[in-house]
Amino acid sequence: MTTHITRRSLLGLAGAGAGAALLGACGNDDGGSADGKATIEWWHISNTDPMLSVWAELANAYMAQHPDVKINITPLENQAFKSKLTTVTQSGKAPSLFSSWGGGVLKQQVEAGLVKDISGAMPGFIENISPVPLKYYQVDGKQYALPFDNGMVGFWYNKDLFAKAGIAAPPQTWGEFLEVVRKLKASGTIPIALGGKEKWPAHFYFSYLVLRIGGADALEAANAAKDFRRPEIIQAGQRLKELVDLEPFQPGFLGATYPNPDGQAALVGNGKAAMELMGQWAPSTQAAYSTDQKGQGDKIAFFPFPAVEGGAGKITDVFGGGNGFAIGHDAPEQTVDFLKFLLSLESQRKGAATNSIIPVAKGAEEALTDANQKLVAKTVSEATGFQLYLDQAWAPAIGEQINASVTELIAGKASPEQVAESITNAAKR
Amino acid sequence: MPRSVSHPTGTQRPPSARGVPATARPGVGKQSAPRPRSRGRSRARLRTVFRDRGWPTIVVFLAPALLLFCLVVLGPIVLAAYTSLFKWNGFGGLPTDFIGLDNYRRMLADEIFLGDLWRGFILVVLSLGVQLPIALALALLLNQKIRFRAVYRVMFFAPYVLSEVITAVLFTMVLSPEVGLANEVLRAVGMDNLAAEWLSDPDTVLYAVFVVITWKYFGFYMILFLAARQGIPAELIEAASVDGADSWRVFRHVTLPLLGPTIRIAIFLSIIGTIQLFDAVWVLTGGGPVNASETMAITMFQYGFRRFEVGYGTAISMAMFIISLVFALLYQRFVLRRDMEGAITVAKGRS
């Protein structure tokens, strides 16, 4: 009997041991260097061409020059990237190199010790990068990430549809803008395409209105005071409501996405809607999701968000931001060098030549061939004030609340006062 | 489950057989079944097992399963319960900012969360009132000898095989306001005024979501019911007919009671599924417009993965867990008990 039990016990123990070993094996996949190569895990969100191929080419070029480095690229869709990164970082890990927009999220990542301080590697290099976007990738004066592109939000409009509605020139003021919307509607065109399901395209309107009414510092001031119940914020809500009351958006805009074949970008790309308020990537996204994959080409032009009559802000104040890369805390040391390579003048020119990024390396903007992108690059570099995207500049809890509240306003489910109230609640939390 | 094997009066007995003779006669209600088994005997038997084999054997054989259970089931639950007491953005390490039950207080004042409960309730009522009856009707229909019934069975079951995400992507196209099939068809047959912005109108979106979920899951319940219906011996139906029961009475007093266990399980699965609804709604609407189709799972995701308020997000997940658990326990105790007699272990010292 005794031997019987022992044998069984041993079997059981062996089974448990095997199970434990199996479980252990599952967790053992960090980017080690088993074959003597440093592995750079690179997650980025340029999941469509042309940048998808540009990044791949640059990585291949770097690997050819540096045989000791292996680069694994994981291209992810924007929201999928955020979800996946959150899951991974909760365990205290981070990819070697990953997309970042600086601001509040980067700050949280720094506080959690997930990203590497690269200030030491910057002298002699950073002078070549445009200073405006750079500061959004700094936390407490230290550099934790670098931008590769910096753009802005403005109206992308279809010149033919404007002409058809009898509009001679793009509007300069909010009053003129509302008039343009009325004319476009009268001409039977959808004035504005909006992807309301995703919420962030809606927050552009609100943010710009606050900047135009309260001045370039109005948003940061409200956030610093953790109080959004301010006149300029409530007025911005009221102005936005004026626009919403004209019913300028496509039918079903509350359920529409930004990409997808029936989303915001596609509506403009297919010539069904006259304009959209979007960042510098708008024309290439319009083309990518349009039925013929070509978009509206030369018919698309750019004008900055109009000034509001009597507001403190200028039409040259810019709301925007860009993309960058942060380096994970346990990344191989070659990662910094690789990032510098990605931001070299030559690499940046390659990106700029596709007209899908506004480069930050000084001199690379000359490689832009598209007149609109040149105009955006010029407007950004001459900006009188700059505000980073709110859902990036601030803690996600506030940024997401702004997106949600503005969408409620646009859906007619919340008043400007309620919007100010709920954003304040989120900021105080 | 060694117990059910060791117990000859356990699961092998068809659970519904005892009520049969009575229910075959119209007008006679259900009899309360006699309880043939004494729980004391089974406990005595368990003691014998322990004495014969000895603790070491039991421990060794239980250990691997217990270890896995603790690691992948209990561990996360305990961790979630712990995390829900903190204000935590989810980055690195364990949370430190202890706030007690504040997350739960906030939840009970959160309009979105309370709305989730209400929307969940509507979906449960619709599922039980519409989805299951449709599935039952189809199952009975496809049990008849009709031509091509095998084809119909496969066809109706097919949507269940698709993943929820694919279903949702399909229906975003079907329900798209401008180019969607639904509105095109409505316009083509001249019912323009019925064409709607299904997924972008806060007033219709929940029902649109329900239709999609029904489309996906009715086939599953249909197959369940069909299998149960085929398990009913033809003699019973014949006997009832010979006794003069018309088809309605046969259905009401023979078929329906004998389908009882399956229906009760279907209701259980349906409600638990509704409480945890996520994939389809997330892809269809993301919970919008303006939270009009948001479920608890979506609110949890929004807070956990979008706003990085992981502490509050886990509090919501705990609420989901508690609601599911309480419902499951109560339902098993009061509804499923007679179906499961002998198959589950019950609290000691009762009856």
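Domain bounds here come from an automatic or database domain assignment. The model is predicted. For chain A, the assignment gives domain 1 (38-150 + 321-383) and domain 2 (154-319 + 389-428).

**Domain 1 against domain 2**

- The centres of domain 1 and domain 2 of chain A, taken over C-alpha atoms, are 27 Å apart.
- The contact involves 19 residues of domain 1 of chain A and 19 residues of domain 2 of chain A.
- On the domain 1 side, the elements giving two or more residues are α4 (103-111) and α15 (371-381) of chain A.
- Helix α15(A) supplies the largest share of that side, with six residues.
- By residue class, the domain 1 side divides into 11 polar, seven nonpolar and one charged.

**Helix α10 against helix α18**

- Helix α10 (residues 231-245) and helix α18 (residues 416-428), both of chain A, pack with their axes 8 Å apart.
- Their packing angle is about 135°.
- Angles of 65 to 115 degrees count as roughly perpendicular and those over 145 as roughly antiparallel, so α10(A) and α18(A) are oblique to each other.
- The crossing of the two helices, α10(A) and α18(A), is right-handed.
- From α10(A), the contact draws on A:Ile233, A:Ile234, A:Gly237, A:Gln238 and A:Lys241.
- From α18(A), the contributors are A:Pro416, A:Glu417, A:Val419 and A:Ala420.
- The residues of this α10(A)–α18(A) contact comprise five nonpolar, two polar and two charged.

Conventions: Residues are numbered from 1 along each chain as its sequence is written. Chains are lettered from A and ligands numbered from 1 in the order in which they are written. This is a predicted model: local features need pLDDT of at least 70, side-chain atom pairs count only at pLDDT 80 or more; totals for chains, interfaces and linings use all residues. Axes are lines fitted to C-alpha atoms, for helices over the stretch in contact, and angles run from 0 to 180 degrees between N-to-C directions. Helices (H or I, at least four residues) and strands (E, at least two) are DSSP runs, numbered from the N terminus. Angles under 35 degrees count as roughly parallel, over 145 as roughly antiparallel, 65 to 115 as roughly perpendicular and the rest as oblique. A crossing is left-handed if the near helix is turned anticlockwise from the far one by less than a right angle, and right-handed if clockwise. Two residues are in contact if their C-beta atoms, placed from the backbone, lie within 7 Å. Ala, Val, Leu, Ile, Met, Phe, Trp, Tyr, Cys and Pro count as nonpolar, Asp, Glu, Lys and Arg as charged, and the others, Gly among them, as polar.
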